[in-house]
Amino acid sequence: MDKIRNKSQKYKHSKFNVEIKKDDTWIIFNTYTHGMLELNEEYYKNYKNFYIENPKIEEKFIEYGMWIDKELDEIDRLRYIHNKNKFDNKIFSLTIKTTNNCNFLCSYCYQSHNKKMMENNTINSIKKWIDKTILENQIEILNIHGVWEDVFCSKQKSLKNVYQKNIF
């Protein structure tokens, strides 16, 4: 085994780490990378104190984002990614309201609750417009959000099904 090394001069703990103790085990989950490790008490202490005996363990702490470079500003990184995605023209988000037919019937709701559904020709026009927009703008990610009937337009084409693999 390698000589024990203190890495506190090089790394810091991520702000996105969540640490949960369960019996004799610590579960560390990083909400930014979605990395997760289960550590016994000894490895948990090593993790907290930046001591490692094995370089492979150090690699996992870094790979899973639990230890990050001391100079990294995680909030600035998050802001950068947020703004990059916000203004990225390769992502196309669309909100579609296919009906006013809501089954909640909240007393404070101002919407009329008629049973009208979007017509087939409107659905076809929207699909053509989406296809054209994707092609012309080289869209890589399509997000469709909306108010759908439980069984979306039962006898009509479903935009949700047509683009199912692209909905997030």
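How many residues lie between β4 and β5 in their hairpin, and which residue in the turn has a positive phi? Five residues lie between these two strands, and His-34 is the one in the turn with a positive phi, of about 65°.

This is a predicted model, in which local features need pLDDT of at least 70 and side-chain atom pairs count only at pLDDT 80 or more, while totals for chains, interfaces and linings use all residues. Residues are numbered from 1 along each chain as its sequence is written, and side-chain values use heavy atoms, with hydrogens and water left out.

**View 1. Welcome to the whole chain.** The protein chain has five helices and nine strands; helices (H or I, at least four residues) and strands (E, at least two) are DSSP runs, numbered from the N terminus. Along the sequence they follow the pattern β-β-β-β-β-α-β-α-β-α-β-α-β-α. Of its 168 residues, 27% count as buried; buried means under 20% relative accessible area, exposed over 50%, and partly exposed in between, using a 1.4 Å probe and protein chains only.

**View 2. Follow β3 into β4.** Strand β3 (residues 17–22) pairs with strand β4 (residues 25–30) in the antiparallel sense, over six bridges; two strands pair if DSSP finds at least two bridges between them. Look for Lys-22, whose bridge partner in β4 is Thr-25. Two residues sit between the strands of this hairpin, and Asp-23 takes a positive phi near 55°.

**View 3. Now go from β4 to β5.** These strands pair in the antiparallel sense as well, over five bridges. Phe-29 has Met-36 as its bridge partner in β5. In a regular strand, side chains alternate between the two faces of the sheet. On β5, Leu-37 and Leu-39 form the covered face, whereas Met-36, Glu-38 and Asn-40 form the uncovered one.

View 4. Asn-30 belongs to strand β4, and Ser-14 is found in the loop between β2 (11–13) and β3. Asn-30 counts as buried because its relative accessibility is 1%; Ser-14 is buried too, with a relative accessible area of 6%. A polar contact of 3.2 Å joins their side chains. Such a contact is a pair of N or O atoms within 3.5 Å; within protein, one must be able to donate a hydrogen and the other to accept it, and residues adjacent in sequence count only if both atoms are side-chain atoms. Leaving out residues up to four places away in sequence, Asn-30 also touches several others, including Tyr-64 and Gly-65, and the residues touched by Ser-14 include Ile-68 and Glu-74. Contact here means heavy atoms within 4.5 Å.

**View 5. Step into the largest nonpolar core.** This core has 12 residues in all, among them Tyr-11, Trp-26, Leu-37, Tyr-44 and Trp-67. Two or more of its residues come from each of β4, β5 (36–40) and α1 (41–49). A second, separate core of 10 residues includes Leu-94, Met-118, Ile-139 and Ile-144. A nonpolar core is a set of buried Ala, Val, Leu, Ile, Met, Phe, Trp, Tyr and Cys residues joined through side-chain atoms within 4.5 Å.

View 6. After α4 comes Gln-138, with a positive phi near 50°.
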